[in-house]
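Here is a friendly walk through a two-chain model, to be read with the structure open beside you.

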Amino acid sequence: MERAVDDKTILDKFVEDFVKIVERHVRYIICSGFVSIAHGRSRGTEDIDMIIEDISLGNFILLHEDLVREGFVCVQSENPKLIYGDYLKSGASVRYVIDEEGFFPPEMEIKIAKDELDREQIDSRKKFEMTGLDVYFSSIEGNIAFKEELLKSKKDLEDAKHLRLIYQDKLKENEIDRIKEKIRRLRLNER
Amino acid sequence: MRDKTHAEQVERWAIFCRENPLEFKKRVKPLIDSQIIIARRFFKNLSKTEEGREILKRLKQK
């Protein structure tokens with residue numbers, strides 16, 4: 001499926017540039033809103049959600065330095081040890097933007113995989129030809145399950161509906177149900 | 001307004017994307033790009049004044 005390079009949006013280019021660097025250091029997935037947007041959902045966003053595998057401090061420093069060398073900056077801190085200890089390993093996310101004066105959108109919001117659900121999503125990551133992007137996404141079934149079972153805002157339910165219509169003959173409903181059950185067990189019980 | 005016609009539009013557009021996989025991105029690109037361009041322009045203008053920089057700082061701490 002060939003699509004002209006000029007068709008790529010600002011978000012597409014930002015994500016492709018970013019993941020090219022991350023992939024050198026750690027496995028990742030792009031999940032949530034940008035999955036739907038990359039599949040044509042006509043709505044905006046200023047942050048892209050990324051989950052990375054658990055990573056050692058040493059490897060994270062290498063990743064951070066690589067990102068900085070390639071023109072990205074972390075909004076929370078310039079210090080990779082602090083980003084790692086105070087944010088990522090504490091379960092919080094950090095945001096990287098293109099390095100210029102001021103922190104302007106778009107932003108890449110990164111979290112470390114925190115449980116079996118996140119790790120499972122990384123293990124089943126996929127590239128989707130229809131998006132025209134060289135990017136690993138979490139599965140469509142996973143995205144639908146999270147949006148319908150956990151997130152549930154109007155926007156999230158519309159994202160899920162969009163993906164359901166796009167992949168209507170290809171979706172594994174039993175897989176969506178299985179992930180929803182895990183969400184109830186691992187995420188909703190913890191609230 | 002997020003009423004029935006909005007839901008119908010979401011559905012109509014998803015079906016267009018499914019049936020026109022080489023076409024949809026070209027159609028949606030101006031909308032997605034303009035949102036980022038407008039936000040960047042707004043933040044850049046804010047960053048030109050002391051008051052604006054304070055607002056930016058507050059926004060980033062949220």
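## Where the chains meet

In this predicted model, 30 residues of chain B are in contact with 38 residues of chain A. Together, chain B and chain A bury about 3,000 Å² between them, and 63% of that area is on carbon and sulfur atoms.

One of the salt bridges to look for pairs Lys161(A) with Glu11(B), where the closest N and O atoms are 3.6 Å apart. The count of residue pairs in polar contact between chain B and chain A is 12, with both residues at pLDDT 80 or more.

## The chain B side

Which element gives the largest share of it? That is helix 2 of chain B, with 15 residues. Sorted by class, the side of chain B that touches chain A has 16 nonpolar, 3 polar and 11 charged residues.

## The largest pocket

Rolling a probe the size of a water molecule over the atoms shows where empty space is left. Here, the largest pocket has a volume of about 720 Å³. Its lining is made of 29 residues, and those closest to the pocket centre are Cys31(A), Ser32(A), Asp49(A), Lys111(A) and Leu151(A).

Several elements of chain A each supply at least two lining residues: helix 2 (33–38), strand 2 (47–52), strand 5 (107–112), helix 5 (116–123), helix 6 (140–151) and helix 7 (154–166). By class, the lining has 10 nonpolar, 6 polar and 13 charged residues.

## Backbone details

Most residues other than glycine have a negative phi, and most peptide bonds are trans. Two spots in chain A are worth a look with that in mind. Ser32(A), which is among the residues closest to the centre of the largest pocket, has a positive phi of about 65° although it is not a glycine. Ser32(A) sits in the loop between strand 1 (28–31) and helix 2 of chain A.

The other spot is a cis peptide bond between Pro105(A) and Pro106(A), with omega about 5°. Pro106(A) belongs to the loop between strand 4 (94–98) and strand 5 of chain A.

## Salt bridges overall

Side chains of opposite charge can pair when their charged atoms come close. Over all chains, the whole structure holds 38 salt bridges. One of them joins Arg69(A) and Asp66(A), whose closest N and O atoms are 3.3 Å apart. Arg69(A) and Asp66(A) are separated by about one helical turn because they are 3 residues apart in helix 3 (residues 57–69) of chain A.

Key: Residues numbered from 1 in each chain as written. Chains lettered and ligands numbered in written order. Predicted model: local features only at pLDDT ≥ 70, side-chain atom pairs only at ≥ 80, totals over all residues. Heavy atoms only, no water. 1 Å grid on protein atoms, 1.4 Å probe; cavity = no way out; pocket = protein on both sides within 12 Å on 5 of 7 lines; lining within 4 Å. Points joined across faces, edges and corners; volume = space filled by probe spheres on them. Helix = DSSP H or I, 4+ residues; strand = E, 2+ residues; numbered from the N terminus. Nonpolar A, V, L, I, M, F, W, Y, C, P; charged D, E, K, R; others polar. Contact = heavy atoms within 4.5 Å. Buried area = accessible area lost by both parts, 1.4 Å probe. Salt bridge = Lys/Arg side-chain N within 4 Å of Asp/Glu carboxyl O. Polar contact = N/O pair within 3.5 Å; in protein donor to acceptor, adjacent residues only side chain to side chain.
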